[in-house]
Amino acid sequence: TGEEITNPGYHLLGIGIERRVPTDLTAAQAIDAVHRQDGVAIAAHPYRGMWPAYDEGAMRVLDAAEIVRPETPHWPEGAADLREFSARASLAAIGSSDYHGAGLIGYSRTLVFARERTAAGVLAAIRERRTVVFDGDRVYGDPEFVRLAADAGLRTSFPELPVPGGWRLFSRAAAVLGLLTLVLLRRTA
């Protein structure tokens, strides 16, 4: 269980928590609130605009950060931001499935090397940085776990990804237009 804590200056995933975390806290305070519930705190899409919220105190207690997201294969600047953010501290690598119609659904995944198949086991693995994330020709995580993933035959690279074509862009635009139409029709009904 968890939530995305959405503050104007940062977004933070609190995983393994039962109670909501107030959105008016600093990033460091929100991370502490997650930890008080024995959860893990993951920086959600920490692009450059969110960096000021993650000061030295927040980075010291942060557990993990998204380093690969569905939109990053076709957004080099964003991918560079995520890599640079993650390099600021020893964080577990997270491949996000946070899909909002942009990017490639199912592209990014996190391999979690848990000692037990329980929620507590997964949380412990993230806290102990036992995660591996693949991004095209790049791999993030502890080299020991990267080797284990490769030895197990898990995919360590992806084929060249196509640039979104005209039909894909058209289908997204049509979906947005359809949703907008439903909203407008509901308001007039």
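The residues lining the second largest pocket divide into nine nonpolar, three polar and no charged (Ala, Val, Leu, Ile, Met, Phe, Trp, Tyr, Cys and Pro count as nonpolar, Asp, Glu, Lys and Arg as charged, and the others, Gly among them, as polar). The model is predicted: local features need pLDDT of at least 70 and side-chain atom pairs count only at pLDDT 80 or more, whereas totals for chains, interfaces and linings use all residues. Residues are numbered from 1 along each chain as its sequence is written, and side-chain values use heavy atoms, with hydrogens and water left out.

The volume of this second largest pocket is about 200 Å³. A pocket is here an open set of points on a 1 Å grid over the protein atoms alone, where a 1.4 Å probe fits, with protein on both sides within 12 Å along at least five of seven lines; lining residues have an atom within 4 Å of a point. Grid points are joined across faces, edges and corners, and the volume is the space filled by probe spheres set on the points. The lining includes Thr1, Ile15, Ile42, Ile94 and Thr110. Strand β6 (111–112) and helix α4 are the elements that give two or more residues to the lining, and α4 gives the most, with four.

Five strands form an open sheet of mixed pairing, in the order β1-β2-β3-β4-β5. Its edge strands, β1 (2–7) and β5 (92–95), each pair on one side only, and the twist averages 35° from one strand to the next. Strands (E, at least two residues) and helices (H or I, at least four) are DSSP runs numbered from the N terminus; two strands pair if DSSP finds at least two bridges between them. Strands β3 (residues 40–43) and β4 (residues 64–68) run parallel and are joined by two bridges.

Helix α1 (residues 27–36) packs on the sheet, touching β1, β2 (10–15) and β3, and its direction makes about 5° with that of β2. Helix α4 (residues 119–127) lies across β2, β3, β4 and β5 and runs at about 55° to β3. Axes are lines fitted to C-alpha atoms, for helices over the stretch in contact, and angles run from 0 to 180 degrees between N-to-C directions.

Within β4, Ala65 stands opposite Ala43. Ala65 is buried, with a relative accessible area of 0% (buried, under 20%; exposed, over 50%; partly exposed, in between; 1.4 Å probe, protein chains only). Beyond its neighbours within four places in sequence, Ala65 is in contact with residues including Ile42, Phe85, Leu91 and Ile94 (contact, heavy atoms within 4.5 Å). Pro46, 19 residues from Ala65 in sequence, lies 7.4 Å from Ala65, C-alpha to C-alpha.
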